[in-house]
Amino acid sequence: DGAAAGTGSALVKHGLTASRLFSPNVVPTVAWSLRRQGYCSWAGQIEKYLKQPLVKHMDLVYLDHTGAFPCRAAQIWDIFRQGIVNTEGGGGLIAVTFSTR
């Protein structure tokens with residue numbers, strides 16, 4: 001998500017809790033802005049975070065990729081392996097976008 005938290009805001013309007021939405025960003029000022037708005041955000045490369053997550057059991061993990069799937073497939077497996085997404089009770093959601101480039 002960007003600094004304005006457009007995606008996060010839309011999800012909150014539909015009942016999700018901002019603090020349980022994981023929204024990483026490689027730009028530190030954007031991650032800081034998201035945290036100030038109550039979102040769970042982390043500044044850095046998602047690959048590094050998924051290897052040693054600080055927060056687990058998120059309701060939603062949204063990875064907005066601009067590259068192809070094969071080189072990022074391991075990231076989706078890491079989300080499950082590390083227990084990042086909530087799989088208990090009502091479950092959690094993983095949303096991922098990829099390009100066809």
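Start by selecting β2 (60-64), the element that gives the most to the lining of the largest pocket, with four residues. Before you click further, note that you're looking at a predicted model, where local features need pLDDT of at least 70 and side-chain atom pairs count only at pLDDT 80 or more, while totals for chains, interfaces and linings use all residues. Residues are numbered from 1 along each chain as its sequence is written, and side-chain values use heavy atoms, with hydrogens and water left out.

Helices and strands here are DSSP runs, numbered from the N terminus (helices: H or I, at least four residues; strands: E, at least two). A pocket is an open set of points on a 1 Å grid over the protein atoms alone, where a 1.4 Å probe fits, with protein on both sides within 12 Å along at least five of seven lines; lining residues have an atom within 4 Å of a point.

**The largest pocket**

Stay with that pocket: about 480 Å³ of space lies in it, the volume being the space filled by probe spheres set on grid points joined across faces, edges and corners. Its lining has 22 residues, and Pro24, Asn25, Tyr62, Leu63 and Asp64 lie nearest the centre. Besides β2, the elements giving two or more residues to the lining are α1 (6-13), β1 and α3 (46-51). Colour the lining by type and you'll get 10 nonpolar, eight polar and four charged residues. In this scheme Ala, Val, Leu, Ile, Met, Phe, Trp, Tyr, Cys and Pro are nonpolar, Asp, Glu, Lys and Arg are charged, and the others, Gly among them, are polar.

**Next stop: Asn25**

Pick Asn25, in the loop between β1 (21-22) and α2 (28-36). Is Asn25 buried or exposed? It counts as buried because its relative accessibility is 15% (buried is under 20% relative accessible area, exposed over 50%, partly exposed in between, with a 1.4 Å probe and protein chains only). A polar atom of the Asn25 side chain lies 3.0 Å from the backbone oxygen of Asp1. Leaving aside residues up to four places away in sequence, Asn25 touches Asp1, Val30, Ala31, Ser41, Trp42, Ala43 and Gly44 (contact means heavy atoms within 4.5 Å).

**Then Leu93**

Jump to Leu93, in strand β3 (residues 93-97). Leu93 is partly exposed, at 47% relative accessible area. Its C-alpha sits 4.7 Å from that of Leu60, 33 residues apart along the chain. Leu60 is also one of the residues that Leu93 touches.

**Last stop: Ala5**

Finish on Ala5, in the segment before α1. It is buried, with 0% relative accessibility. What is phi of Ala5 near? The value is near 55°, which is positive in a residue other than glycine. Most residues other than glycine have a negative phi.

Key. Polar contact = N/O pair within 3.5 Å; in protein donor to acceptor, adjacent residues only side chain to side chain.
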